[in-house]
Amino acid sequence: MGFVTVEHVSQKYGKRPILDNVSLEVAEGAFISIVGASGCGKSTFLRLLLDQERPTRGEIRVDGIPLQGEPNRSRGIVFQRYSTFPHMTVRDNLVAAEGLGANLLGILPRARRQSARARANAALERIGLAHVADQYPATLSGGMQQRLAIAQALAAKPRILLLDEPFGALDPGTRERMHDFLQDLRAETNMTVFMVTHDLSEAFKLGDRVLAFDKVRWDPQFPDAYGATITYDFDARDGGIPYQILKEDTYVLDPAGS
Amino acid sequence: MRWINKTPGRPFALFLTVLPFVLLMIIYAMGSDARRAANPADKLLPPPSQLVDTAARLVSEPDRRSGEILFWKDTASSLRRLAIGVGLAASLGLAFGLLIGLLPVAHAGLNSFVAVISMVPPLAILPILFIVFGLGELSKVALITIGITPFLIRDLSARTAELPSEQIIKAQTLGASSLAIALRVALPQILPRLIQAVRLSLGPAWLFLIAAEAIASEDGLGYRIFLVRRYLAMDVILTYVAWITLIAFVLDWCLARLSRRLFPWAEAA
Ligand SMILES: Nc1ncnc2c1ncn2[C@@H]1O[C@H](COP(=O)(O)OP(=O)(O)O)[C@@H](O)[C@H]1O
Ligand SMILES: [Mg+2]
């Protein structure tokens, strides 16, 4: 049985169907890339996984338990923009990841403040932001802001990480470094990741599976008449090289098949 | 070169800044001269020299009956009323602004109500305030508060609702309660907007203060102006008007400075 189970989920806004009968099983620790035309409902799907919205039909379960109706600490998210708190310094953004949920007031008790700061400093050291710890996010470059946003989401130790075009606004070089950063982080945790991207090579490079969202039925008179669903579910392990090719290569190298 | 692309150099910009003030003074002096040439006893436009004398007398000479310097007493009374009235309005505006901006339940219950209430002309209910609260301090402070609170609530609730939803969602994924989101995410980001909104509402606040003082008071800047009007004491009126203008300008400037000092992140964004 899957860790995340999506069962016959449909989402409509008013009369307009966005997602239509989406079903999916995802194992714990998998990295799922999601691609699809703009406006086809990828962000909507993430909002449903986050439990920011309830689907009009169907059910989503995590670890066998249906979603409860609002976001919580078990699922973290990074958006393309606005994911960090502009009024907190870089370090305080990480401390807040522990503090906001510490109690009703969202203020870390004095006793825990010191250790939270130490953990934040260690995390900043690792993601190469130690030198800007006391600056505000708006003064950072796009890549640095996204690193901070990811580190902030991870500081809450979520079991599922949702990324909505996290590198969409970055230049190619920065993107490469962000990929390495993300892969390093993944190697250390057993997080399940859903990442929406417009970049196919990025989707295949990072993902274990690549899901393509598209409309199955299409009415040229009424483009909005039908919703999108998962039309392809690629196995993207080993850099997306299909299993058969890999097998042939192996056969050529080792005809005995031992 | 297009006019929209022509920028004055520093000295010329400074000259342009000073120019209208100097022009105003020259026009006043000329007007005053002309009127007194026609009628030496003219009281309408006292000469600049007399204004300076009057100002010097007002700020230094104690009143014969009470022994107090009325100018400073009036200033203190008016500023106290303004501070209490605006402070109260700012607190209410902040609390209700956050509530309406963050909680759908509060929005449903209060948003239209505040929108309608804000259309009530505050001066029209001044008589009611005098009847209900009497002629004392309370009704003056109440007029200021009632006059600007609806604007503050509407502005701050709109600013709160404009906070990127991504941040509110993010805070929830970090486990924040509604209260934690209000206090640690929304409140700090709304405070600079509060200062901005208070700066905008200081103008109306002065209007309400002076109106209330003019009608029923024993001291205050507005009271004094309307009192000496009976003797056509233009020199006193003009001194008080200049003083009120100066206070208002300095207050505005201080609030702008304060905002930049307290919220450096708001500049960076
Ligand atoms: N809250 C909403 N209410 C109504 N329509 C919405 C809402 N959110 C998104 N939509 C619409 O749903 C469609 C899918 O949006 P989205 O999931 O953001 O697409 P994608 O992320 O794939 O580009 C868009 O056409 C968008 O206009
Ligand atoms: Mg999207």
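The model is predicted: local features need pLDDT of at least 70, side-chain atom pairs count only at pLDDT 80 or more, and totals for chains, interfaces and linings use all residues. Residues are numbered from 1 along each chain as its sequence is written, chains are lettered from A in the order in which they are written, and side-chain values use heavy atoms, without hydrogens and water.

**Chain A against chain B**

Contact means heavy atoms within 4.5 Å. Chain A gives 33 residues and chain B gives 23 residues. Buried area is the accessible area (1.4 Å probe) that two parts lose on being put together, summed over both. Here that area is about 2400 Å², with 70% from carbon and sulfur atoms. Tyr82(A), His87(A) and Leu100(A) lose the most area on the chain A side, together 25% of what that side buries.

A salt bridge is a side-chain nitrogen of Lys or Arg within 4 Å of a carboxyl oxygen of Asp or Glu. The count between the two chains is 0.

**Residue classes**

**A helix pair in chain B**

The axes of α3 (residues 70–102) and α9 (residues 221–228) of chain B come within 7 Å and cross at roughly 130°. Leu70(B), Asp74(B), Thr75(B) and Ser78(B) of α3(B) meet Leu221(B), Gly222(B) and Arg224(B) of α9(B).

**A salt bridge in chain A**

Over all chains there are 26 salt bridges. One of them joins Arg126(A) and Glu188(A) (3.2 Å, N to O). Arg126(A) lies in helix α3 (residues 110–126) of chain A and Glu188(A) in helix α5 (residues 172–188) of chain A, so the pair ties together parts 62 residues apart in sequence.

Key. Axes are lines fitted to C-alpha atoms, for helices over the stretch in contact, and angles run from 0 to 180 degrees between N-to-C directions. Helices (H or I, at least four residues) and strands (E, at least two) are DSSP runs, numbered from the N terminus.
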